[in-house]
Amino acid sequence: MREAYPNLANWPSELIIDPLQRPSGKSTAEQLIVRAPDLQTARSIGIHELKHLIDALERHAPGGSWRQFMGPGVSEPEAREIYRRLVGEVASRNAQYRLLMSERERRLRSPQSTESVPRDQQINLYDD
């Protein structure tokens with residue numbers, strides 16, 4: 001990854017690992033933030049957020065936040081479902097999932113086969 005994206009090695013970041021910490025992550029043009037109760041969770045969240053940064057650099061479909069979909073007539077469960085279906089979020093969760101697979105398993109299963117939402121149900125915010 002360092003060869004393909006050398007600038008990410010110097011990306012400002014904040015990592016907090018504390019047993020009382022609620023898992024969360026955020027990636028922006030300014031900083032990558034990972035908060036987790038343990039190293040394994042931090043690694044998983046970090047991969048998710050790095051995928052978002054790479055998608056931004058490559059101009060791929062972005063992720064988001066369920067809060068951006070809240071509004072009149074949209075309940076919190078509905079907003080969370082829309083967020084879950086965003087192409088950028090599906091791709092980032094898939095990167096997390098595939099991290100747990102062996103190299104052999106990753107070679108045998110395509111990235112599409114391990115996506116949490118079927119392609120025809122994903123939402124691309126770049127679509128018209």
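A residue is called buried when its relative accessible area is under 20%, exposed when it is over 50%, and partly exposed in between, as computed with a 1.4 Å probe on protein chains only. In helix H3, the buried residues are Gly 88, Glu 89, Val 90, Ser 92, Asn 94, Gln 96 and Arg 98.

The structure is a predicted model, in which local features need pLDDT of at least 70 and side-chain atom pairs count only at pLDDT 80 or more, while totals for chains, interfaces and linings use all residues. Residues are numbered from 1 along each chain as its sequence is written, and side-chain values use heavy atoms, with hydrogens and water left out.

**The sheet**

Helices (H or I, at least four residues) and strands (E, at least two) are DSSP runs, numbered from the N terminus. Two strands pair if DSSP finds at least two bridges between them. Three strands form an open sheet with mixed pairing, in the order E1-E3-E2. E1 (13–17) and E2 stand at the edges with a single partner strand each, and therefore one side of each has no neighbour in the sheet. Direction ignored, neighbouring strands of this sheet are turned by 0° against each other on average.

The two pairings are set out below.

| Strands | Sense | Bridges | A bridge pair |
|---|---|---|---|
| E2 (residues 24–27) and E3 (residues 32–36) | antiparallel | 4 bridges | Ser 24 and Arg 35 |
| E1 and E3 | parallel | 5 bridges | Leu 15 and Val 34 |

E2 is joined to E3 by a hairpin of 4 residues.

Contact means heavy atoms within 4.5 Å. Angles run from 0 to 180 degrees between N-to-C directions, and axes are lines fitted to C-alpha atoms, for helices over the stretch in contact. Helix H1 lies across E1, E2 and E3 and runs at about 155° to E3.

A nonpolar core is a set of buried Ala, Val, Leu, Ile, Met, Phe, Trp, Tyr and Cys residues joined through side-chain atoms within 4.5 Å. The largest such core has 9 residues: Tyr 5, Leu 8, Leu 32, Val 34, Ala 36, Ala 42, Ile 45, Leu 53 and Ile 54. E3 and H1 are the elements that give two or more residues to this core, and H1 gives the most, with 4 residues.

Not counting residues up to four places away in sequence, Val 34 touches Glu 14, Leu 15, Ile 16, Ser 24, Gly 25, Ala 42, Ile 45 and Gly 46. Leu 8 is placed in the segment before E1 and counts as buried because its relative accessible area is 10%. With the same exclusion of sequence neighbours, Leu 8 touches Met 1, Leu 50, Leu 53, Ile 54 and Leu 57. The C-alpha atoms of Leu 8 and Leu 53 are 8.4 Å apart in space, although these residues are 45 residues apart in sequence.

His 52 has its place in H1 (residues 39–58) and is buried, with a relative accessible area of 13%. A polar contact is a pair of N or O atoms within 3.5 Å; within protein, one must be able to donate a hydrogen and the other to accept it, and residues adjacent in sequence count only if both atoms are side-chain atoms. The side chain of His 52 makes such a contact with the side chain of His 48 at 3.0 Å, and another with that of Glu 89 at 3.2 Å. Leaving aside neighbours within four places in sequence, His 52 is in contact with Ser 27, Gly 63, Gly 88, Glu 89 and Ser 92.

H3 (residues 87–99) has 13 residues and reaches 18 Å from its first C-alpha to its last, close to the 18 Å expected at 1.5 Å a residue; the expected span is 1.5 Å times one less than the number of residues. The buried residues of H3 are covered by elements including H1, H2 (76–84) and H4 (103–108).

**The segment after H4**

Glu 115 lies in the segment after H4 and counts as buried at 19% relative accessibility. The side chains of Glu 115 and Arg 119 are joined by a polar contact of 2.8 Å. Not counting residues up to four places away in sequence, Glu 115 touches Val 90, Asn 94 and Gln 122.

Tyr 126 also has its place in the segment after H4. Beyond residues up to four places away in sequence, Tyr 126 touches Arg 59, His 60, Ala 61 and Pro 62. Arg 59 is in the loop between H1 and H2 and counts as exposed, at 71% relative accessibility.
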